[in-house]
Amino acid sequence: MADLPFVFARDQQLVLQGDRLLCGPGATAFGLREARRRMRRPLAVETLDAAAFDALLNAHYRQGAEDGEADLSFDLETRNGPGLRDLLEDATEAPVIELVNQLLRRTVRATASDLHVEPHEGGLRARVRVDGMLRSVMDRDDVPVKRVVSRLKVMAGLDTSETRLPQDGRIGLRYGGRDIDVRISTLPGQFGERVVLRMLDRHSGLLPLDALGLKPAQEAVLRRLADRPDGIVLATGPTGSGKTTTLYSLLQLADHGRRNIVTVEDPIEYHLPGISQTQTNAEIGMTFAAGLRATLRQDPDVILVGEIRDGETAQVAAQASLTGHLVFSSLHANNSVAAVTRLRDLGLDNYLIAATLRGILAQRLLRRLCTCATTAPTTPDEAALFRAAGLEPPETLRHADGCDTCGGTGFAGRQGVFEIVEVDEALSARIGENASELELRKMAIPKDGSLLAQGLALAAEGATSLAEVRRVLGDL
């Protein structure tokens, strides 16, 4: 046996590392004897305090056995139903339950943002989204599709008898001492219900502003915006571009002791110490607009609205900023200046946008090259792209290759690129005069300040590939 079973290690306060047996304060003589009997070899015993042992236990079993081994080594729990049950303690679990548990473990271990469970004519495929890209983790023809989907619906408390309508729910997981909120969505399809699970690790997404990939000048602009007493600050970009993470980082700059900070979100993605967070629920009328109105009666100084989706929310946010509140929110727009067009489309008058908008941030996430990347001379066509953006082309560029460490993708991790507009008096005046998006962009964005120019700069530095820049940014 290569390792101690997780449940035994947790309950007996013992972790095996090579020929060392590391003991917590709760280790017993029975546990020591049983560990030596199981291992059938001499073990050097070392003792740790409670905090050190807990950290070691979580880290050790987070990197433990591969899926499918007899002794499953992951602290994976579900919080639905009458009580908290450790999925690893039941040795008689049915194969379908075990398969679902393995998929969840693999998703969490890969730090994936989503798990897709997709029935097809030949069976069932499962894919995870890592660094914004989907990769297959299972495609089998011997899986009982309906039972797998039913298991996920049971975990989320959904109606298993209803297969004709979409359903939404949540599953609470715990992994390595971290709480992970899973949002589940089902959609009827030709070969069965398709299920997508969004993984929200409430403690891993909080980053300081200087860890987002901002340039010093950009960071200074955001700090000024976070210190303003009123107005609206918007983060724009497609789904999964990191808007919420950036807004949370801005909130962390605020003085929690002197300012009352309240959020209205769907869902609450990360826990923010010292900040009041509210979850919307459209089914009972708790929309973003209703939550924002209620928040204004809580004497707030700073308000975070998860997303401006409709004209009502936009109007309430604008009125809130006019009455002395600083409002942060996200908005779906292709670039920073396009947010003005989007607000107009939602029904805000130009004078109201000009009076309330203080700053706009557009962002994208580019995958960073793995150390296995190869280097090649820059071609004339590649050099032309740099010159068109006003940049000097580099002599060489790095390209994705692929190795075991990066799973053959050639990339490991992501980095943000940002386009930030601080709305000054001149820009505000042109917004009020109904200037076109093109004119506003020429006023607000220098050539080397665009998303594309910053992506190309990262490619020139060797942090990412030119192909990745073109995939994510196109011709922005």
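Author: Helices (H or I, at least four residues) and strands (E, at least two) are DSSP runs, numbered from the N terminus. Asp179 lies in one such run, strand S10 (residues 178-189). The model is predicted, so local features need pLDDT of at least 70 and side-chain atom pairs pLDDT 80 or more, while totals for chains, interfaces and linings use all residues. Residues are numbered from 1 along each chain as its sequence is written, and side-chain values use heavy atoms, without hydrogens or water.

Reader: Why is Asp179 called partly exposed?

Author: Buried means under 20% relative accessible area, exposed over 50%, and partly exposed in between (1.4 Å probe, protein chains only). Asp179 has 27%, and is therefore partly exposed. The C-alpha atom of Asp179 is 8.7 Å from that of Leu200, 21 residues apart along the chain.

Reader: Why does Leu346 get the word buried?

Author: The relative accessible area of Leu346 is 16%, so Leu346 counts as buried. Leu346 sits in the loop between helix H10 (338-345) and helix H11 (350-356).

Reader: What is Leu346 in contact with, leaving aside neighbours within four places in sequence?

Author: Contact means heavy atoms within 4.5 Å. By that test Leu346 is in contact with Ile308, Arg309, Asp310, Gly311, Ala314 and Leu331. Arg471, on the other hand, is 125 residues from Leu346 in sequence and 29 Å away in space, C-alpha to C-alpha.

Reader: How do you know that the buried residues of helix H12 (residues 380-388) are on the same side?

Author: The buried residues of H12 are Glu382, Ala383 and Phe386. They cover an arc of only 100° around the axis, so they are on the same side of H12; the arc is that of the directions from the helix axis to the C-beta atoms. The face turned away from the buried side carries the exposed residues Pro380, Asp381, Arg387 and Ala388. Among the elements covering the buried residues of H12 are strand S18 (374-377) and helix H15 (451-461).

Reader: What makes the buried residues of helix H8 (residues 288-296) line one face?

Author: Phe288, Ala289, Gly291, Leu292 and Thr295 are buried in H8. They fall within an arc of 165° seen down the axis, so they line one face of the helix. Their cover includes strand S13 (261-265), strand S15 (302-305) and H9.

Reader: What makes a set of residues a nonpolar core?

Author: A nonpolar core is a set of buried Ala, Val, Leu, Ile, Met, Phe, Trp, Tyr and Cys residues joined through side-chain atoms within 4.5 Å. The largest here has 34 residues, of which Leu234, Leu357 and Ile431 touch the most other members. Helix H9 (residues 311-322) gives this core its largest share, five residues. Apart from it lies another core, of 31 residues, including Leu103 and Ile184.

Reader: How do you know that the lining of the largest cavity is nonpolar?

Author: A cavity is a set of points on a 1 Å grid, over the protein atoms alone, where a 1.4 Å probe fits but cannot get out; lining residues have an atom within 4 Å of a point. Val337, Val340, Ile360, Val421, Val423, Leu427, Ile431 and Leu440 line the largest cavity. Val, Ile and Leu are among the types that count as nonpolar. The lining therefore divides into eight nonpolar, no polar and no charged residues.

Notes: 1 Å grid on protein atoms, 1.4 Å probe; cavity = no way out; pocket = protein on both sides within 12 Å on 5 of 7 lines; lining within 4 Å.
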